[in-house]
Every structure is written in C-alpha cells, then in structure tokens.
Amino acid sequence: MRQRDDMTFPMEEYERRLGELRLRMAERLLDAVIITDPENLMYLTDYQTTGYSFFQALVVPLDDKPFMITRTMEESNVHARTWVEITRPYPDTGDAIQMLVSSLKEFGLANKYIGYERNSYFFPAYQQDALHTTLTGAKLLDCFGIVECGRRTKSKHEIEIMRRAAIATEAGMKAGLEACMAGVTENEIGAEISAGMFRAGGEPPAVMPYVTSGPRTMIGHATWEGRVVKPGEHVFIEVGGCYRRYHTAMMRTAVLGEPTELMWKAQERMKEALERVKALIRPGVTVSDADNLVRSIMTVDDAHGKLITRSGYSIGIAFPPSWDEGYILSLMHGDKTVLREGMTFHIIPWAWGVDGDKTCGISDTIYITKDGCESFFTLDQDFTVKREEAKREIPDEPPVIELLAAESGKREEKSKSHGKHDHKQSPKQSKESRAS
C-alpha cells in the first residue's frame, strides 16, 4: 500500500476499510475478490473516473498486494488518486477479461476461491460468462455486498465529507427557491441551482437536480424541460449536492400563489413525519420501525397525497445513474435490519397527488449518532410561498429556450445568405478574374 497524504481521507481510513474487507473474505473462505462497482472502488482506494463504462476491477488477495485492471487511458487515475501500486492496463483494442484472467494467473490466483460482484452494473453478463469459461481452474463465487457491508456505516471522516456535500446541497436549494417566479422556465431554475451548488464548493453530482412545475410534478423522476412556470403554480425541487463523490439530498416546494388547503395539510404531515421519525431513529431501532412510522403519518387518502415509495434510503458515495445507496439499505416495511451509529439516510415523506394533481416534497438527510440522529441541514422546511407571483402578468410568448433556438436559426439563415452572396462575383470582378 503506497503511503500518501493527498487523498480524500487519511491513510489509516483506507487501511481500516481494506482490513475489514479481508476479515469478511476470511469468514467466507475467499482467497481473493474482484471488485468492479465504481462506488466500492472509490470506497476502498479513492479511485474515480467518469470512464467507468469500460471494465475496471480491483483484485484484493487475502494475503497479498491488491492490483487494478483498467483501460490504459484510466491507469493515470490509479497513480494520481490511489494507494494502489500494481496496475495491469489493457488497450482499447484489447480484451479486458483476458487481461483480468492473465493477471489472476500471474499472481497465483488461477486455482483459488475467488469472489466477484455478480450484481454489479458494470460487470455485465457477457463478461462474467467470459470469465467463467476462461478461468476454468478457479472456484468463482458471488460476493456481491461484501464491500457494501462496510459502506453502510460512515466513519467520522465520511460524516465530515458529507457535511461539505450538505453545504452545496443547501446552497443549491436556496438559489433554486429564490429563482422560482412566474414567467421563468424550469431550465432557469435548474441553472441557478447548479450554479449555487458549484459556487459553494460542490462537485458534479451523480444526478442533476430535479425541477418540475405545475402538472409536471406528477411525473416520476422528471426534471426541467423548458416549461414556463405559470402564476399560481407550485415548483417541486430535489437537490443532491456532492463533494468527493459523497452526496446529501433534500426536497423542497415553492408555491407561486396561495397554497390550497390540502397543500397546507400535506406540508404539516411531511414536517410531522420528519420530526417524529427523527425522534425515533437511534441505534437499535429497525428499518421497518422507521418506515412504519412515516407511512402511518403520510397515509390518509389519495386527495391528501400519498407516499408511493420507500420512506428513505441510505446515501453516501454515488456515481451516475443514481445518488442513493438504496440498494445497500432502504427504509421499507418488513426489513428488520437494525440501525447503527454512523448510518446516513435521506428521509423522504413526500406527498404524491395532493389535490389529485400535485406532488409536494419536504425531506432531510440525517446521520445516526450514539443516542439519536442529527440533520446535515439548517434550511427551513416550510413551503416557500410567494403570493405576489399569482398576480404577475407574464407575456404570452414562447419559452426562453424556444426563443434562443429561433434566434440561433435566424443567425444560421443569415450566415447562409451571406455565404451565398460572398460567392457571387460582380461583372467587373468576373472580367478581372478571367483576365488574370
């Protein structure tokens, strides 16, 4: 393990993570593991790249030095970011699995018990098939989750990094709520959120913010599409701020007019759910206990809005396509997993279908302490109500994004016409040209 002092965490943090992984490997009688999940690679080594659609793997032997298989272009990330000393890169014209197999043979692992992440997004079936048919002497076993067991609980160092992510989340949300006005486009709100996050030190998140308005708030996982926000409508915003690939997230709602009676009631139910579940959450409580409490408060009837998803999920390291760690642990009915100090959750008692046609959201990201839990945020949870916006008169014209496209089209046509004109020669020029 190469010692260095310029990584996200102190070296002892990575030594602890690697040591705990090897304890779990020994319990499962594994001689080595092949780790391919981008979040797990980051957790163990600090390795990251946007090029993770190409095969990459960290091989961790039980009693020997780990080594990485990467695309040649990505090998620089190993040297620049991680403690890993041994790399075996493959060219774009090469075979990644053949490189993996030859490396396993090189380091004496070809006939060993080897775990691999069978459920990894980035170790597809055809590559797993190639590994099985090529490495015939090894005993290949599914070890999906062997790293995630460690990621469930965050260390004090991770909590501090998530505080940095929370600063970006909160700055982005404040900027977005301030930008909510009748006559602006969802794109403009999204732009302000993004600028706010990045100016506050945030880094590219696994998912860009969700911004929908009016009837579009009823579309799951939709975000800005150039729609102009109308007077009297509401805007649903969900922001996931990121720092060193760690995320925190929050939902908020802006109303450009007077909220309906059921919207006010939805706000109070969401706030009550958050208050009561945070009073309940502490080490020893089960996942199901927390979910049942949130669900009991949010379940009234369809007109009041209902919780149609899990009530929360683990959050931390993430790469696209999602900012959550819900595949590690989610707050869902029937799950008897016991909560522990250091776990972090985005709690989402949001209300889908208020008044039959509105989605409203208030949420929080929390971390579990030794005797309770704390929020990463300080931002007020109430709806941002801008009554004066209901009276704003907005011009009956296309959205800004369409105007920009039209203007661009005009410039292109003008350029083409100039080009045609430039190629035409006057009679005098034509005569001179022939003379020359």
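This is a predicted model: local features need pLDDT of at least 70, side-chain atom pairs count only at pLDDT 80 or more; totals for chains, interfaces and linings use all residues.

**Helix α5**

I began with α5, which runs over residues 125–134. Which of its residues are buried? I found Gln127, Gln128 and Leu131 buried there. They span an arc of only 100 degrees around the axis, so they sit on the same side of α5. I then checked the other side of α5, where Ala125, Tyr126 and Thr133 are exposed.

What covers the buried residues of α5? My list includes the strands β1 (32–35), β5 (113–116) and β6 (139–142). The helix α4 (96–106) is also part of that cover.

**Cysteines**

Next I searched the whole structure for disulfides and got 0. Cys360 is in no disulfide, and I had to go 13 Å to reach the nearest cysteine sulfur, which belongs to Cys180. I take a sulfur pair as a disulfide within 2.5 Å, so the 13 Å from Cys360 to Cys180 rules that pair out.

Is Cys360 buried or exposed? It is buried, at a relative accessible area of 0%. I looked up Cys242 as well, and Cys242 is buried with a relative accessible area of 1%.

The peptide bond from Pro320 to Pro321 is cis, and its omega is near 20 degrees. I placed Pro321 in the loop between β10 (312–314) and β11 (330–331).

Where does Asp46 sit? I found Asp46 in the loop between α2 (38–45) and β2 (57–61). Its phi is near 80 degrees, a positive value in a residue other than glycine. Asp46 is buried, too, with 7% relative accessible area.

Arg245 went on the page for a positive phi as well, near 75 degrees, and it is not a glycine either. Its loop lies between β8 (234–243) and β9 (246–255). I noted Arg245 as buried, because its relative accessible area of 8% is under the 20% cut-off.

**Cavity**

How many cavities of 30 Å³ or more does the structure hold? I count 1. The largest cavity has about 40 Å³ of space. I wrote down its lining as Met1, Lys65, Pro66, Trp83, Val84, Glu85 and Ile86. Sorted by class, that lining gives me 5 nonpolar, no polar and 2 charged residues.

The largest pocket has about 420 Å³ of space. It is lined by 22 residues, and the ones closest to its centre are Tyr210, His221, Glu238, Met251 and Trp350. I see that β7 (210–213) and β8 each supply at least two residues of this lining. By class, I get 12 nonpolar, 7 polar and 3 charged residues around the largest pocket.

The second largest pocket holds about 260 Å³ of space. Which residues are closest to its centre? Out of 14 lining residues, they are Glu39, Tyr121, Ser322, Asp324 and Tyr327. My class tally for the second largest pocket is 8 nonpolar, 3 polar and 3 charged.

Key: Residues are numbered from 1 along each chain as its sequence is written. Side-chain values use heavy atoms; hydrogens and water are left out. Buried means under 20% relative accessible area, exposed over 50%, partly exposed in between (1.4 Å probe, protein chains only). Helices (H or I, at least four residues) and strands (E, at least two) are DSSP runs, numbered from the N terminus. The arc is that of the directions from the helix axis to the C-beta atoms. Contact means heavy atoms within 4.5 Å. On a 1 Å grid over the protein atoms alone, a cavity is a set of points where a 1.4 Å probe fits but cannot get out, and a pocket is an open set with protein on both sides within 12 Å along at least five of seven lines; lining residues have an atom within 4 Å of a point. Grid points are joined across faces, edges and corners, and a volume is the space filled by probe spheres set on the points. Ala, Val, Leu, Ile, Met, Phe, Trp, Tyr, Cys and Pro count as nonpolar, Asp, Glu, Lys and Arg as charged, and the others, Gly among them, as polar.
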